[in-house]
Protein chains: 2
Amino acid sequence: MRVRVSPSAQHMNPRTTSELATPALLIDIDALNNNLSTMSTRHPGSKLRPHMKAHKCTQIARMQIKHGHNNFTCATPRELIGMALAGVGADLLLANEVVDHDRLIELAKVSKNTRVTIAVDSHETINAAARAGLCDVLIDVNVGLRRCGIAPDLAGKLADTARKAGLTVRGVMGYEGHLMMVDGDDKRKQGVAKSMSLLVQAAQDVGGEIISAGGTGTWDMHDSTGISELQAGSYALMDTHYAKLNLPFEQSCFILGTIISTSKDWLVIDVGLKSLGMDHGNPSVFGFDVMFCSDEHTTLVAQSGALKTNLKVGDKLRVTPAHIDPTMAMHSVAWITRSDEILDCWQIDLRGW
Amino acid sequence: MRVRVSPSAQHMNPRTTSELATPALLIDIDALNNNLSTMSTRHPGSKLRPHMKAHKCTQIARMQIKHGHNNFTCATPRELIGMALAGVGADLLLANEVVDHDRLIELAKVSKNTRVTIAVDSHETINAAARAGLCDVLIDVNVGLRRCGIAPDLAGKLADTARKAGLTVRGVMGYEGHLMMVDGDDKRKQGVAKSMSLLVQAAQDVGGEIISAGGTGTWDMHDSTGISELQAGSYALMDTHYAKLNLPFEQSCFILGTIISTSKDWLVIDVGLKSLGMDHGNPSVFGFDVMFCSDEHTTLVAQSGALKTNLKVGDKLRVTPAHIDPTMAMHSVAWITRSDEILDCWQIDLRGW
């Protein structure tokens, strides 16, 4: 067991969750392993390019490597540079547009030792990548999400521009994020098929071998879409938002809180909106309704209507986040657990930009 | 000028905001100074106990000291311990309940050099404070917000318990957070008067000289409530949520973003929900409607209906957060600006718990 603790997080080496100062981010090692196995069985090896933005933790990436995946997706230069400097991953994709020259220079530096590919969707992003000395790009194609990506019918021409700038175009990517939470498997699957037909058409115009797309919400809808790899991240840790889709992935990440105040009608834990991604709404606590979250608190009411009399100030409760990605970005360490036993402490080492 | 930069934030010493890697948190020094002056004119010296949870930055606290305030409010042990170790503030209040023994021991340690007072609202929190060797407490009284605090009529008895445990009871605190956003000044003022009458009654039962309450939303409603000090924090930096109340405080904090992608109908900046507190909804960008935020992006549509043709990939825009407190907790540094000139870089040094 190797417990490395940041100075502000803890003052001792805790053996069980009852000894943890809170709020504390917990990862259930068995649930995490189950999730990684389920995904790698369906999308083995290079068929999956796990997305680092969901957990920002090189230790989890190392587990994903043990499950057979050597190529990774990143959302920020910091994530990719951190992976490269840690020597984790063989083929790293920055699935995002970057124009900052200093950061592109850093990306080019680490590309001497690790294959680095960056998304481009405009002349500006192509020129910025070429000027910094990057070699490999994917053409980012808009497949329906109103965000980045060039229109599918212009992708081929943009690939020509990239090649003229001296870049190697490895293929295309396109994220069908607008479909992740579409209600109903059939409707979602139809949407995915339509989006991916745009991407595959663009891929023919662009050339290259990579067609990268998808996410946890559409993980089982790509068997005949023609993509070469799936970009999924949330499946490893999960959240209550993705849980609505009844996926075969378990919740493996929780925020541990301590009851710091009780009253006749409610109790208060020390987990609040500075330790939880709130854009998908309130978190969940088993057996309780969440009244509201404030900066450092969540107020809970027992679902039976009466307060559970066996709970008292100092007791601990597990909170399930509504959105895992921003939640991970708020914590410096993850405590690795089996039931209430602490097995390890991992740095969430790729935070920031 | 002293520019200290964290390794991941920046690779050079930028002179203007156009040179900043993004997302980057900006603080307008003149707007900040104006806000501090407006507040200290109304609540001079010890009449204000500025709340550190809103900015988590000892450099801003030093500015608040220059405006005459030497006593501070904190929400987490980390905030208070960081202030004490930095030698900032003479009288520090942890306006929150803590039962973790190791953290209380650390608080007791720093209380040898700085006056440290902690909120208690139960036998458990009293015993935990006494056992760790802390000396000074306030009785936290519930004045209507469904969160921490003992019922007003039980406060006197709890103060007796605290004194029997060897603690000095300096008075009471009670946060009327449920009233901060009540629509209509008169209605809000009536609510404040009612809440504070509960607190003042409890203060008579409790004894001591401190009656601490209030916040930015009720900053001008305490002239005759009987409190001895106001706990306000958001007034320094502000956000779109508090701006709805038409307070005399200016927006002084922005998140700078870079346009990384454009299309016919929208543009995308690299500021997303990992760099913005999202519990109060989407941020604002002058001249644009926010379509949606994702982890690392915000999609914008020009309010005229047509995309502003003078904006292109690489240009920068300022985003105004909807909630300042969690936004500050997501950034490691603040760039101190006057117009587009960078004057300094301050660590946001009190993040975490």
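## Where two helices meet

In chain A, Ala155(A), Gly156(A) and Ala159(A) of α6(A) meet Ala202(A), Asp205(A) and Val206(A) of α7(A). Sorted by class, this contact has 4 nonpolar, 1 polar and 1 charged residues. Here two residues are in contact if their C-beta atoms, placed from the backbone, lie within 7 Å. Ala, Val, Leu, Ile, Met, Phe, Trp, Tyr, Cys and Pro count as nonpolar, Asp, Glu, Lys and Arg as charged, and the others, Gly among them, as polar. Helices (H or I, at least four residues) and strands (E, at least two) are DSSP runs, numbered from the N terminus.

Two packed helices are described by the angle between their axes and the distance between the axes. For α6 (residues 155-164) and α7 (residues 185-206) of chain A, the angle is about 35 degrees and the axes are 8 Å apart. The axes are lines fitted to C-alpha atoms, for helices over the stretch in contact, and angles run from 0 to 180 degrees between N-to-C directions. In chain B, α6 (residues 155-164) and α7 (residues 185-206) also pack at about 35 degrees, with axes 8 Å apart.

## About the model

This is a predicted model, in which local features need pLDDT of at least 70 and side-chain atom pairs count only at pLDDT 80 or more, while totals for chains, interfaces and linings use all residues. Residues are numbered from 1 along each chain as its sequence is written, and chains are lettered from A and ligands numbered from 1 in the order in which they are written.

How are the two chains related? The same surface serves both copies, as 100% of the contact residues of chain B recur in chain A.

Across the interface, 48 residues of chain B are in contact with 48 residues of chain A. On the chain B side, the elements that each supply at least two residues include α4 (101-110), α5 (123-132) and β9 (253-262). That side has 18 nonpolar, 15 polar and 15 charged residues.

## The nonpolar core

The largest nonpolar core has 224 residues, of which Ile139(A), Val172(A), Ile139(B) and Val172(B) touch the most other members. Such a core is a set of buried Ala, Val, Leu, Ile, Met, Phe, Trp, Tyr and Cys residues joined through C-beta atoms within 7 Å. Not counting residues up to four places away in sequence, Ile139(A) touches residues including Ala155(A), Ala159(A), Val172(A) and Val206(A).

A residue is buried if 20 or more other C-beta atoms, placed from the backbone, lie within 10 Å of its own, exposed if 12 or fewer, and partly exposed in between. Met63(A) has 18 C-beta neighbours inside 10 Å, so this residue counts as partly exposed. Met63(A) is in helix α2 (residues 58-66) of chain A.

## Backbone details to look for

Most residues other than glycine have a negative phi, and most peptide bonds are trans. Asn246(A), however, has a positive phi near 55 degrees. Asn246(A) is in the loop between α8 (240-243) and β9 (253-262) of chain A, and counts as exposed with 7 C-beta neighbours inside 10 Å.

A cis peptide bond joins Thr22(A) and Pro23(A), with omega about 0 degrees. In chain B, the bond from Thr22(B) to Pro23(B) is cis, with omega near 0 degrees.
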